[in-house]
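This briefing covers helix packing and aromatic pairs in one structure. Please keep the sequence and the model open while reading.

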Amino acid sequence: MAINLDKIQQWKEDVAKSVDFYNNWFLKFAPQTYKETRANTADKVLEALELSHYFAHISPDNLKENPSILAILRMTTRPPIARDRLIGLSGVSPNLVSSMEKGVLPTRMDSAVLDEQLGRISAVFEQLADTELFPWLLEKRVPAQGEKDLAAVIVADRLCGMVADPIIRNAQEQRQLEKIGSWLDSKGYKQRKSGQTATIDTLEAGTYSFRFNVPVIIGTDEHRVNIPVDVAIRPKDTSRKPILIEAKSAGDFTNTNKRRKEEAVKYSQLKSTYGDDIPFLLFLCGYFDSGYLGYEAAEGIDWIWEHRMGDLEALNL
């Protein structure tokens with residue numbers, strides 16, 4: 001039985017309520033979420049300050065010992081530079097920069113080439129150092145604690161500003177999963193903890209799992225790949241198939257319409273492997289307009305609004 005996909009007359013009202021719901025959450029919680037992330041990042045910046053002798057000693061040896069500080073160093077320049085801009089200015093291997101920002105060095109790069117390229121990176125940071133933010137560099141002195149703390153907050157703010165949307169999106173997704181989990185707990189379901197292996201067919205009745213990998217068959221050669229779903233629920237009635245839910249949130253209409261095909265592709269892959277009757281729903285919060293809803297409905301994908309959690313009762317769990 002359809003939950004919302006066939007209630008076209010209700011879509012406009014639901015979109016308005018969903019936008020209000022998201023905006024109220026954002027105004028209440030997003031600033032605190034950002035603040036907490038910035039504080040944690042500032043601690044990492046302070047650590048990078050110490051590792052690099054207060055950004056006065058950025059050398060190939062220093063970068064080899066602490067490759068992960070590269071992302072922080074990109075925010076210490078005037079102006080701050082993106083990863084691709086650093087690659088262009090220094091003329092180094094993109095793989096080198098990518099690896100360093102993951103905290104490692106390329107394993108197959110010749111040591112002499114590595115030293116030479118790290119030297120180029122060091123030269124870029126030396127030339128573009130923000131000496132207004134770090135006045136001790138020109139004065140060749142050790143900064144006072146207050147100067148270090150202020151610089152750390154500013155660099156952390158730059159770092160968080162580059163990834164503000166993912167920070168908010170991750171916090172929102174986590175909140176959505178917690179709400180679904182709380183609802184399932186109230187129905188007597190038990191969460192399968194991460195690290196406990198199971199397939200979609202071996203999930204125990206009356207359990208659920210977050211960020212669950214579901215194997216699907218791709219192409220005529222029956223190549224198998226895992227696709228992640230946010231929530232997998234195995235009903236207590238073992239004759240029923242597992243229910244799969246994707247938690248979706250959005251802070252604007254443009255992005256959702258750009259990405260609306262993703263769910264349709266995932267659903268198509270699931271159906272081709274597990275049959276047309278595999279239950280697959282969206283859990284929506286935010287800016288999902290009638291164009292998005294119409295597209296998903298045409299693909300046979302139903303949804304539940306976060307602002308009306310009671311619709312979960314239609315799953316008969």
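**Helix packing and aromatic pairs**

Helix 11 and helix 12 (residues 290-298) pack with their axes 10 Å apart, at an angle of about 15°. The model is predicted, so local features need pLDDT of at least 70 and side-chain atom pairs count only at pLDDT 80 or more, while totals for chains, interfaces and linings use all residues. Residues are numbered from 1 along each chain as its sequence is written, and side-chain values use heavy atoms, with hydrogens and water left out.

**Helix 11 and helix 12**

- The angle makes helix 11 roughly parallel to helix 12 (under 35 degrees is roughly parallel, over 145 roughly antiparallel, 65 to 115 roughly perpendicular and the rest oblique).
- Axes are lines fitted to C-alpha atoms, for helices over the stretch in contact, and angles run from 0 to 180 degrees between N-to-C directions.
- Helices (H or I, at least four residues) and strands (E, at least two) are DSSP runs, numbered from the N terminus.
- On the helix 11 side, R260, K261, E263 and A264 meet G291, Y292, Y295 and E296 of helix 12 (contact means heavy atoms within 4.5 Å).
- This contact of helix 11 with helix 12 has 4 charged, 3 nonpolar and 1 polar residues (Ala, Val, Leu, Ile, Met, Phe, Trp, Tyr, Cys and Pro count as nonpolar, Asp, Glu, Lys and Arg as charged, and the others, Gly among them, as polar).

**Helix 4 and helix 6**

- Helix 4 (residues 83-90) packs against helix 6 at about 105°, with the axes 9 Å apart.
- The two helices, helix 4 and helix 6, are therefore roughly perpendicular to each other.
- From helix 4, L86, L89 and S90 meet R120, I121, V124, F125 and L128 in helix 6.
- By class, the contact of helix 4 with helix 6 divides into 6 nonpolar, 1 polar and 1 charged residues.
- G119 is also found in helix 6 (residues 111-128), and G119 is partly exposed at a relative accessible area of 28% (buried is under 20%, exposed over 50% and partly exposed in between, with a 1.4 Å probe and protein chains only).

**Helix 1 and helix 8**

- Helix 1 and helix 8 (residues 145-162) have their axes 7 Å apart and pack at about 125°.
- That angle makes helix 1 oblique to helix 8.
- Helix 1 passes helix 8 in a right-handed crossing.
- Residues of helix 1 including Y34, T37, R38 and T41 meet residues of helix 8 including K148, D149, A152 and V153.
- The contact of helix 1 with helix 8 divides into 11 nonpolar, 3 polar and 5 charged residues.

**Aromatic pairs**

- The whole structure holds 10 aromatic pairs (rings of Phe, Tyr and Trp, its six-membered ring, with centres within 6.5 Å; planes under 30 degrees apart are stacked, over 60 edge-to-face and the rest tilted).
- Y22 and W25 form a tilted pair, because their ring centres are 5.9 Å apart and their planes lie at 50°.
- Y22 and W25 are 3 residues apart in helix 1 (residues 8-51), which means about one helical turn separates them.
- Both Y22 and W25 are buried.
- Y267 and F280 form a stacked pair, 5.4 Å centre to centre with 15° between the planes.
- Y267 is in helix 11 (residues 260-274) and F280 in strand 5 (residues 280-286), so the pair ties together parts 13 residues apart in sequence.
- Y267 counts as buried at 8% relative accessibility, and F280 counts as buried at 4%.
- One aromatic cluster is formed by Y22, W25, F26, F253 and Y287.

Key:
A crossing is left-handed if the near helix is turned anticlockwise from the far one by less than a right angle, and right-handed if clockwise.
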